[in-house]
Amino acid sequence: MKVSRSTPAFTLLEVLAAVAILGIVYVVLADVAMQGLFAEGRAKRRLEASLKADLHLSELEVEIEAGVVPPLGPLPELEEDGYRVAGEVRLFELLLPPEPGAAPATAGSTPTTLDGLREIELHVSWDDAQEEQRVVRITYALDSSAIPPAPAGGG
């Protein structure tokens, strides 16, 4: 019996080349998938930190609304679920433009602080691989007890 070689077939070299190409494609796709998973994890951590910052800031704003303004200085530092929550309360500084007709300002203007106005900066930080990541939120509060009473006017 005679075997016919007229049927098309792949050679061993063609099969090995196809396997090598598929292997390279799978390695590239696996790398892209891993990068996507890492990016998703980073985004999830940033979202969780943002939500924690917003929650703590809203708690501070509720206290401020009730008339309890936190004192100047650092806020108590907290550790929650792998996140560090800290902040600072400082006087709000306002840079005013020079008055018209006044001599030009020298290098750097002196900021003006407004009595009673506080800037509250809250930040939530976490360790992501080798770097510390941070989400910052800022709000403002008016401490009416720090405002001097208006002089009694008489006419």
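Two residues are in contact when heavy atoms of theirs lie within 4.5 Å. With that in hand, welcome to a short tour of this structure. It is a predicted model, in which local features need pLDDT of at least 70 and side-chain atom pairs count only at pLDDT 80 or more, while totals for chains, interfaces and linings use all residues. Residues are numbered from 1 along each chain as its sequence is written, and side-chain values use heavy atoms, leaving out hydrogens and water.

**View 1**
Helices (H or I, at least four residues) and strands (E, at least two) are DSSP runs, numbered from the N terminus. Along the sequence the pattern reads α-β-β-β-β-β. Among contacts with a separation of 6 or more, 59% are between residues 24 or more positions apart. Of the 155 residues, 22% count as buried. Here buried means under 20% relative accessible area, exposed over 50%, and partly exposed in between, with a 1.4 Å probe and protein chains only.

**View 1. Strand E3 pairs with E1, E2 and E4.**
Two strands pair if DSSP finds at least two bridges between them. Strand E1 (residues 73-74) runs antiparallel to E3 and is joined to E3 by two bridges. To find this pairing, look for Pro74, whose bridge partner in E3 is Glu88. E2 and E3 are also antiparallel, with three bridges. Ten bridges join E3 to E4, again in antiparallel fashion. In that last pairing, Leu94 has Thr112 as its bridge partner in E4.

**View 2. Asp81 sits in the turn of the hairpin of E2 and E3.**
This loop lies between strand E2 (78-80) and strand E3 (83-94), and the hairpin has two residues between the strands. Glu80 has Tyr83 as its bridge partner in E3. Most residues other than glycine have a negative phi. Asp81 counts as exposed because its relative accessibility is 67%.

**View 3. Pro111 lies in the loop between E3 and E4.**
Leaving aside neighbours within four places in sequence, Pro111 is in contact with Glu93, Leu94 and Leu95. The C-alpha atoms of Pro111 and Leu94 are separated by 5.4 Å, although the two residues are 17 residues apart along the chain. Pro111 has 34% relative accessibility and so counts as partly exposed.

**View 4. E4 and E5 form a hairpin with two residues between the strands.**
Strand E4 (residues 112-128) and strand E5 (residues 131-142) run antiparallel and are joined by twelve bridges. Trp126 is a handy place to start, with Gln133 as its bridge partner in E5. Now move on to Ala129, which takes a positive phi near 60° in this hairpin.

A polar contact of 3.5 Å joins the side chains of Ser50 and Arg137. Such a contact is a pair of N or O atoms within 3.5 Å; within protein, one must be able to donate a hydrogen and the other to accept it, and residues adjacent in sequence count only if both atoms are side-chain atoms. Between the C-alpha atoms of Ser50 and Arg134 there are 9.2 Å, with 84 residues separating the pair along the chain. Is Ser50 buried or exposed? Ser50 counts as buried, because its relative accessibility is 15%.

**View 5. The largest pocket is lined by 15 residues.**
A pocket is an open set of points on a 1 Å grid over the protein atoms alone, where a 1.4 Å probe fits, with protein on both sides within 12 Å along at least five of seven lines; lining residues have an atom within 4 Å of a point. Which residues lie nearest the centre of the largest pocket? They are His56, Leu60, Leu75, Pro76 and Leu78. H1 and E3 each supply at least two lining residues, and H1 gives the largest share, with four. The lining divides into eleven nonpolar, two polar and two charged residues. In this grouping, Ala, Val, Leu, Ile, Met, Phe, Trp, Tyr, Cys and Pro count as nonpolar, Asp, Glu, Lys and Arg as charged, and the others, Gly among them, as polar.
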